[in-house]
Amino acid sequence: MTGLSFETTRRVYCEPGASAKLGTLMTELGAGRVLLVTDPGVMKLGLPQAALDSLQAAGIATAIYDRTEADPPEKLVHAAVAAAKEHRADGIVGFGGGSSMDIAKLVALMGGDGGQPLAEMYGIGNAKGRRLPLVQVPTTAGTGSEVTGISIITTGESEKKGVVSPLLLPDIALLDADLTLGLPRGVTAATGVDAMVHAIEAYTTKHKKNPISDALAREALRLLSRNIRTVCSEAGAKDRAARSDMLLGAMLAGMAFANAPVAAVHALAYPVGGHFHVPHGLSNALMLPHVLRFNLESAAAAAQYAELAGILLPGKSFASASAGAGALLAELEAIIDDVKLEKQLRQVGISHNHLPMLAKDAMNQQRLLVNNPREVAYDDALRIYEQAL
């Protein structure tokens, strides 16, 4: 290691009921007019009520943009920016899953001085401008968007592009386990596996892997693997301690992959979500075992996977790195099975005829593929999709 840089959200609060601090925190950030970005499902469940009450108590004028949807297209970003400007917002809150938080980041930046078109922001380090104060309140334990300088948007019909810039890093992340208690099992499972993928890919990335991201990824994987079965069970679904650990694990994984970027699992998952509207976490779960199996042919990846096996299977020893890596893969497949996620692409409406299109689109994700422990060409991607079918 000759040098490293590490960036993340400045402040984090993690405790049940933390969303009731929102009014005080926005006041500290100097915001008097706030736009809260969320989605219809979150509003229907009444999850923002404590946060909205705290904003009202602090005397903050609040407007709500609640049209966020999964795999958000550019038009939603522009609509949310327009809502912020109409409200004359001087502070932004992302409240919900990754889509709401990703839109909130761009609204905070584009609503600050409005000088740069969204199309010019895509890529790494291309965003410019002054960001409005931004607080993120996740309602799922998965994306880690509350601590990343990354926003993923769907462009055109199905392609996903990322805006990657430290300007998008929020000021504050509020982790409130109470907001996750009513999540359906499927959402809890998919977002939990998504967070595990973040930790695994950050730990094995070819570029920018560093001791800080490694430590965060390992602790994230420990918390997530210990608790995901509990929170997906009927008996443990409302376990506040387990839910808090899942939120904390997802956030730590977010910190890790924001600095040591993800790779082929995400690159191959994006076309699945973009074309077939499969939730991002489930797309990752569908691709994870098959990409890991492909990567196992790399000696470097096998050694790192073996190190992670000791976290998922504490107390077990392995005769070789290959054996440890195989044990990691088997345990991940067991988790996916135990939390009752779909395991085959055909279960989400994908047929053999779709695979060349998916492989072609995956090749557009070079920003991610270059980080994979093993090079992925078109034929490799096609073969991975075939194994996942």
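**Entry 1: a loop glycine**

I began with glycine 129, which sits in the loop between strand S5 (123–124) and strand S6 (134–138). Strands here are DSSP runs of E with at least two residues, helices are H or I runs of at least four, and both are numbered from the N terminus. I noted that this is a predicted model, where local features need pLDDT of at least 70, side-chain atom pairs count only at pLDDT 80 or more, and totals for chains, interfaces and linings use all residues. Residues are numbered from 1 along each chain as its sequence is written, and side-chain values use heavy atoms, with hydrogens and water left out.

Not counting residues up to four places away in sequence, glycine 129 touches Leu109, Asp113 and Leu167, contact being heavy atoms within 4.5 Å. I also looked up alanine 327, which is 198 residues from glycine 129 in sequence and 47 Å from it in space, C-alpha to C-alpha.

**Entry 2: the sheet**

Next I followed S6 into an open sheet of six strands, ordered S1-S9-S6-S4-S2-S3 with parallel pairing. Two strands pair if DSSP finds at least two bridges between them. Strand S1 (11–14) and strand S3 (61–65) are at the edges with a single partner strand each, so one side of each has no neighbour in the sheet. On average, neighbouring strands are turned by 15° against each other, direction ignored. Angles run from 0 to 180 degrees between N-to-C directions, and axes are lines fitted to C-alpha atoms, for helices over the stretch in contact.

I then checked what packs on the sheet. Helix H4 (residues 74–87) touches strand S2 (33–37), S3 and strand S4 (91–96), and its direction makes about 160° with that of S3. Helix H5 (residues 98–110) lies across S2, S4 and S6, at about 170° to S4.

**Entry 3: a loop serine**

My last stop was serine 298, in the loop between helix H10 (280–295) and helix H11 (299–312). Serine 298 is buried, with a relative accessible area of 13%. Which residues does serine 298 contact, leaving aside its neighbours within four places in sequence? I found Pro373 and Arg374. The C-alpha atoms of serine 298 and arginine 374 are separated by 6.2 Å, though the two are 76 residues apart along the chain.

Technical notes
Buried < 20%, exposed > 50% of the residue type's maximum accessible area, 1.4 Å probe, protein only.
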